[in-house]
Amino acid sequence: MGFAPDLREYDMCEVMLKHLGISHVRLMTNNPLKVAALQQHGIQVVERVPLMTGRNPHNDQYLDTKEEKMGHLF
């Protein structure tokens, strides 16, 4: 359909976290682009905590796609 792989925007994260007095986070994600996006908006990611998802016949192809096309770290 021509959409970008990830249409989320992270600029509001900076505003909300700074309002709460948070300047750095431990981020639970497998997406390295999310880490980079938050850092680009001034949020220091001190640790990336991987999400441990079990593979099964229902999600195997989905997880492979996320790894191959978006660089997710599993």
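1. Strand β1 (residues 24-28) and strand β2 (residues 44-49) run parallel and are joined by 5 bridges; two strands count as paired if DSSP finds at least two bridges between them. Helices (H or I, at least four residues) and strands (E, at least two) are DSSP runs, numbered from the N terminus. Within this pairing, Met28 stands opposite Val49 of β2.

2. On the basis of the work, the model is predicted: local features need pLDDT of at least 70, side-chain atom pairs count only at pLDDT 80 or more, and totals for chains, interfaces and linings use all residues. Residues are numbered from 1 along each chain as its sequence is written, and side-chain values use heavy atoms, with hydrogens and water left out.

3. Buried means under 20% relative accessible area, exposed over 50%, and partly exposed in between (1.4 Å probe, protein chains only).

4. Lys34 belongs to helix α2. Its relative accessible area is 18%, so Lys34 is buried. Apart from neighbours within four places in sequence, Lys34 is in contact (heavy atoms within 4.5 Å) with Arg8, Tyr10, Leu27 and Thr29.

5. Leu73 lies in the segment after α3. Leu73 counts as partly exposed because its relative accessibility is 38%. The C-alpha atoms of Leu73 and Asn31 are separated by 6.5 Å, although the two are 42 residues apart along the chain. Neighbours within four places in sequence aside, the contacts of Leu73 are Asn30, Pro32 and Arg48.

6. The largest pocket has a volume of about 150 Å³. A pocket is an open set of points on a 1 Å grid over the protein atoms alone where a 1.4 Å probe fits, with protein on both sides within 12 Å along at least five of seven lines; lining residues have an atom within 4 Å of a point. A volume is the space filled by probe spheres set on the points, which are joined across faces, edges and corners. Of the 13 lining residues, Thr29, Asn30, Leu51, Lys66 and His72 lie nearest the centre. Helix α3 (residues 60-70) gives the most to this lining, with 3 residues.
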